[in-house]
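The account begins with the whole chain and then turns to a single residue.

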Amino acid sequence: MTEIHDGEAGTATTTAARAHARSQAGTVVDCMPQLPPPPGTLWSETVAGGGYTHLVLPAGALVTLTDRDGDACAQLLLYVTGRPWERLNTADTVKVQWNAYLTGGSQLLSGEGRVLATLVEDTSGRHDALAGASTAARNTARYGDGSAHGPSPAGRELLTLAAAKHGLTRRDLPAPVSFFQGVTVEADGTLRHTGPAGPGARVVLRLEQHTTLLLANTAHPLDPRPAWHCTPLQVTAVPGEVTGPGDPHWDATPERHRAHLNTAALGAR
């Protein structure tokens, strides 16, 4: 006979376990998706520090990321839905636009020279397109554990879980961009972490193609603090329209104009 310890009797049988599970219906916790999403939205979710999410969204969707409590770090990857080989390329994002720092108007580019997303609003100004994601080995060395389900999960481990939901593997993970934790380049080439912007900072991304979005919310790899820190991240998506002629972002610079032409010519919108 299986021994039943105190506190286990409520789920000791299948019938009891079902009753217990059903009793949780309607429970709301701090970090979870909002289901159904609020009217007029495609998705609304609060991602815990150390958590991840993944979304498939239509072209034109506006994705708002908000650093609710002031210490989130949104490590983001983008893929063209149905063409996952076309994905975020942070090196091209930086070099094509002649700027190592993401800000309002910046494009997130694929390796094909096409726009995946346009950063249409930015109240943070503290982002990173250079350092990539934290790794299990680095987090284990710094915090004692870098596993996906441990107390200090690494960005690459969380992104691996998100990728698996879409048939992707570690080989499909390029370097992400990070929002809400600043990084600057010193004169000698050293990357310096400049910290978060504070509670309520937000960015709005306009998706320029049908997009699969992977997002890990975990401590930045260059965070100098000896303890692991990360607070909740709010994610909201609403329908919208892709950037087109006449929009200020369409031809803000010659390079951005060309990237929009490349995207429109593909007919992927």
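## Overall architecture

In this predicted model, the protein chain contains five helices and 14 strands. Its radius of gyration is 20 Å, close to the 18 Å that the globule rule gives for 269 residues, so the chain is as compact as a globular protein of that length. The C-alpha trace spans about 75 × 45 × 35 Å along its principal axes.

Of the 269 residues in the protein chain, 45% are buried. Contacts between residues at least 6 apart in sequence were also examined: 72% of them join residues at least 24 apart.

| Property of the protein chain | Value |
|---|---|
| Accessible surface | about 12,600 Å² |
| Share of the accessible surface belonging to carbon and sulfur atoms | 55% |
| Positive charges | 21 charges |
| Negative charges | 25 charges |
| Distance between the mean positions of the positive and negative charges | 5 Å |

## Aspartate 172

One residue may be considered in detail. Aspartate 172 lies in the loop that runs between helix 4 (155–164) and strand 9 (177–179). Is aspartate 172 buried or exposed? Its relative accessible area is 17%; because buried means under 20%, aspartate 172 is classed as buried. When neighbours within four places in sequence are left aside, aspartate 172 is in contact with Tyr79 and Arg87.

Conventions. Residues are numbered from 1 along each chain as its sequence is written. This is a predicted model: local features need pLDDT of at least 70, side-chain atom pairs count only at pLDDT 80 or more; totals for chains, interfaces and linings use all residues. Side-chain values use heavy atoms; hydrogens and water are left out. Helices (H or I, at least four residues) and strands (E, at least two) are DSSP runs, numbered from the N terminus. The radius of gyration is taken over C-alpha atoms; the globule rule is 2.2 Å times the number of residues to the power 0.38. Buried means under 20% relative accessible area, exposed over 50%, partly exposed in between (1.4 Å probe, protein chains only). Contact means heavy atoms within 4.5 Å. Accessible areas come from the Shrake-Rupley method with a 1.4 Å probe; for residues, only the protein chains shown count as cover. Lys and Arg count as positive and Asp and Glu as negative; His and the chain ends are not counted. The place of a charge is taken as NZ of Lys, CZ of Arg, CG of Asp or CD of Glu.
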